[in-house]
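Welcome! Please take a first look at the sequence and the fold below, and then read on for a short tour.

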Amino acid sequence: MASAREDFSQFDISKEEKDKLVAEVIRYVLFKTHQNSGCPIKRDELTQLVTKNYRQRALPAVVINEAKERLSSIFGYEMRELQRSRPSSTNQGRSSQQSVADAKSYILISQLPADVYRKYVEDVNTTHLTGFTFVILGVVHLAGGKIPEENLWHHLRRMGFSDSDEIHPVLGNVKQALEALVQQRYLQKDKVNGPEGSTLFYELAERALDAPVNDRIKEYISQSTRTWITYVCW
């Protein structure tokens, strides 16, 4: 199968122009990932980088594909495409907190072995956020993948978190830390209207449903359960 580099032969642009476009996409993806704490980057943003000076309709897809290849071979990142998942509820009274459009976006995932990543890349100053993420995802997973907002906060309050806490010694504003998981596409919010008013639900989003992350959630739950059993038996 022809590589992304060979696909450029169909466009009337020079190799230098092509390399410049690919480099712009790579820089943008790396910068935005760092700036926005790993929040997904919309495909439309990358498309606009290419089409601001070039009008060939098929060009953005080819540029993005080569950028993916170079991010993998040079930087060791997989540029993985996420498909915006729709809320599971089909209730006619549902009012989604996010666009129902299936907008495509991308995230960067390190291809380094886990032990190498922990030793040389992982920032020890952000490990508390990773822990908070897996606590939240674990609670939602155990609730069947979807949980009412009040039930989620009930569990969090039992762990010492409060929705009114804006100066938590580790997380700072706890509500903002939870909202960040929505922005990063680990969770999505879905408001369902019922006879007694509307209820806000948190549901596992596409990033939490991705196989590697989902497996880590299950392992986290398994380890927590073993620790609890050992503590009780002891």
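At roughly what angle do the axes of helix H1 (residues 15-35) and helix H2 (residues 43-51) cross? The answer is roughly 145°, and the two axes come within 10 Å. Axes here are lines fitted to C-alpha atoms, for helices over the stretch in contact, with angles from 0 to 180 degrees between N-to-C directions. Helices (H or I, at least four residues) and strands (E, at least two) are DSSP runs, numbered from the N terminus.

On the H1 side, Leu21, Glu24, Val25, Tyr28, Val29 and Lys32 have contacts (heavy atoms within 4.5 Å) with Glu45, Leu46, Leu49 and Val50 of H2.

Residues are numbered from 1 along each chain as its sequence is written, and side-chain values use heavy atoms, leaving out hydrogens and water.

The chain averages a pLDDT (the predictor's confidence in each residue, from 0 to 100) of 82. Over residues 228-234 pLDDT stays under 50, and the model has zero contacts there beyond four places in sequence. Where pLDDT is low, the predicted coordinates should not be read in detail.

## Charged pairs

The whole structure holds 12 salt bridges, each a side-chain nitrogen of Lys or Arg within 4 Å of a carboxyl oxygen of Asp or Glu. One of them joins lysine 146 and aspartate 190 (3.6 Å, N to O). Lysine 146 lies in strand E5 and aspartate 190 in strand E6 (residues 187-194), so this pair ties together parts 44 residues apart in sequence.

Definitions and conventions:
Predicted model: local features only at pLDDT ≥ 70, side-chain atom pairs only at ≥ 80, totals over all residues.
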